[in-house]
Structure formats: structure tokens, C-alpha cells
Amino acid sequence: MPSPLFWLFSLIMLIGGCAVIAFRNPVSSALSVVACFAGLAGLFVGLNAYFIGIIQILVYTGAVMVLFLFIIMLLDLKDEQKRAKSLAPLLAGVGLSIAFIIQLIGVLSKSPDKIAPALNAETLGAAAADFTKGGKIATALTDGRLPDVHLIGHTLFTQYNLPFQILGVLLLVATVGVVVLSKKTEEKKTEDRR
Amino acid sequence: MATLNDYLFVSGMLFTIGLAGVVIRRNIIIVFMCLELMLSAANLSLVAFSRFNTVKGLPDYNGQMLVFFVITVAAAEVAVGLAIIIALYRARQTIHTDELTSLKG
């Protein structure tokens, strides 16, 4: 990924992140998270992870943030703006961040840097030998393209088949759990009083 | 070209923002959003490692699988977490962490 694009998307992401903390209105914060995740998706695409970039947009900025906005509007929080800001958590947060950034710079300055290995027609063509000849993956690789979604699907349904199915059960449990949690418990309360 | 350390630095910065948000903000929904930011920062470093360590000429797809699983579990986590927040708001009429002090000794 060319550096100007990398810095542009990083800047969108980091400014969006800072705006989440800075805004007092929760709706503005949620929209800043959307901007932040859009920048992040750009970075994913720059790292040749096209599928991850797309699901970042679809799942996070599409589904999750809409859910957040829905809950914010459902709860209708008006008293947020009137509150006085306390100084202690602000100082704690800033101090913690500075300590973390110093630590990060210290670690990164000592760790060996790496340049992205080339992903061109030559290396991709060489990788095609591991896949079934005439298949979609091998054809795309010999043409010099990176069949990202096919490769993810290949890995998911061969090496990670069991975790994938467990994930399906987890989503089912989460769905049932959410319904149970958000059900009104009026009847139970009256029973307890008796 | 952006190097591995650039990506790790940006990812660390995003994590720091999330961490600071969790400490600074008192609105539980904003705290929850900042947790999502921290998860995404981890995702960014995983994808960067996957791209910068090629296996047989292709990006290491094991890293991207982990990101896929993290995103899915995070979506489930958001749904459950928001349901808990709704239940909390019903019981207490507030989502301000300073006013939720039942567990304070």
C-alpha cells in the first residue's frame, strides 16, 4: 500500500477514535466510531485482506453500529450534556495513554522492522502449485490475481471447520440469551411479592 | 511503502484511544464502543502480521481466520451487552457508571 493512502486512512481512523471520546452527545460518538471503522476497513484493504475489509464495513459499521444507534435513541439520554466533567478520570486516562504510548515506542524502536513481501504475478503463480489444477483458486493465482475470498473459504472449511460450527452454536446461544435478557420481568416480580 | 512497525504503531494508537475512552467516559454505551475500538486495534495488528509473514507466497490466512472469528464473537458480544444495558436501564433508570454503586464496598 502506498504510504500516502496508509497515512490518510490511519488519520481518518485515529481522528474518528479521538472524536468518540471528545463528543458529549452519544449519537455523535457512535457516528465517529463509524468513521473510525471505515478508515480501518481502508487499512485492511491496503493489506490485501479484501474479505476482512468488506466484513468490517458490513458487520461493524453496518450492523453493530446501527444496533448501538438504535439503543442510544431507544434510551433517549438527555441528561448527558448537563453533567459536569470530573477531572480525576480525565487525568487518569491521559496519564495511562502517555505511559502506554511511551511503552509502545520503546518496544517498536527495538523490534526488527519488516517490509511487506511482494505479492506479484510471479509469487502468486508459484503458490498455485499447492491447489487443485483447473480449480478457481489455482486459475486466479496463475492469472496473477489474489483470490482472497476463495482462499478464506478454503481455509475456513478445511482447517477451521469445527470452530466454525461452534461459532454457529455461539450465535444461536447469543440470540436466545438476548431475547431472554430483554424480556420484561413484571410477572415474576409480582409473584415474588406474594 | 508502509512497514510492519507503522501498522503496529497505528494499531497501538487505536488501542490507546480505546483504553483512554474506557477510563475517561462515564456513559456505559460509550465505554462499550471504546471496547470495540480496542478489539479492532487487535484485529489490525493480526491482519498486518498475516500480510507481512507470507506462507508459500500467500498471506498467512490463519491470522485472517482469527480476525474473522473475533469479528463474529464481537457481534454476538455487542448484542448481549446491549441487552444487558437495556435491562440495567429498566432496573435503575440510568446508564451512568458513577450512579451504579451497588457493588461498591
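In chain A, residues of helix 2, among them A:Val27, A:Ala30, A:Val34, A:Phe37 and A:Phe44, meet residues of helix 3, including A:Ile57, A:Tyr60, A:Phe68 and A:Ile72. Here two residues are in contact if their C-beta atoms, placed from the backbone, lie within 7 Å. The residues of this contact comprise 19 nonpolar, three polar and no charged. Ala, Val, Leu, Ile, Met, Phe, Trp, Tyr, Cys and Pro count as nonpolar, Asp, Glu, Lys and Arg as charged, and the others, Gly among them, as polar. Helices are DSSP runs (H or I, at least four residues), numbered from the N terminus.

The model is predicted: local features need pLDDT of at least 70 and side-chain atom pairs count only at pLDDT 80 or more, while totals for chains, interfaces and linings use all residues. Residues are numbered from 1 along each chain as its sequence is written, and chains are lettered from A and ligands numbered from 1 in the order in which they are written.

Two packed helices are described by the angle between their axes and the distance between the axes. The axes of helix 2 (residues 26–46) and helix 3 (residues 50–75) of chain A come within 8 Å and cross at roughly 175°. Helix 2 of chain A is therefore roughly antiparallel to helix 3 of chain A, a term for angles over 145 degrees. Such axes are lines fitted to C-alpha atoms, for helices over the stretch in contact, with angles running from 0 to 180 degrees between N-to-C directions.

The loop between helix 2 and helix 3 of chain A holds A:Asn48. Although A:Asn48 is not a glycine, its phi is positive, at about 65°. Most residues other than glycine have a negative phi. A:Asn48 counts as partly exposed because it has 19 C-beta neighbours inside 10 Å; a residue is buried if 20 or more other C-beta atoms lie within 10 Å of its own, exposed if 12 or fewer, and partly exposed in between.

Between the chains, 69 residues of chain A are in contact with 61 residues of chain B. Helix 4 of chain A gives the most to the side of chain A that touches chain B, with eleven residues. That side divides into 53 nonpolar, twelve polar and four charged residues.

In chain B, helix 2 (residues 28–52) has 25 residues and reaches 37 Å from its first C-alpha to its last, close to the 36 Å expected, which is 1.5 Å times one less than its number of residues. Because 18 of its 25 residues are buried, helix 2 of chain B is largely enclosed by the rest of the structure.

Notes. Helix = DSSP H or I, 4+ residues; strand = E, 2+ residues; numbered from the N terminus. Parallel < 35°, antiparallel > 145°, perpendicular 65-115°, else oblique.
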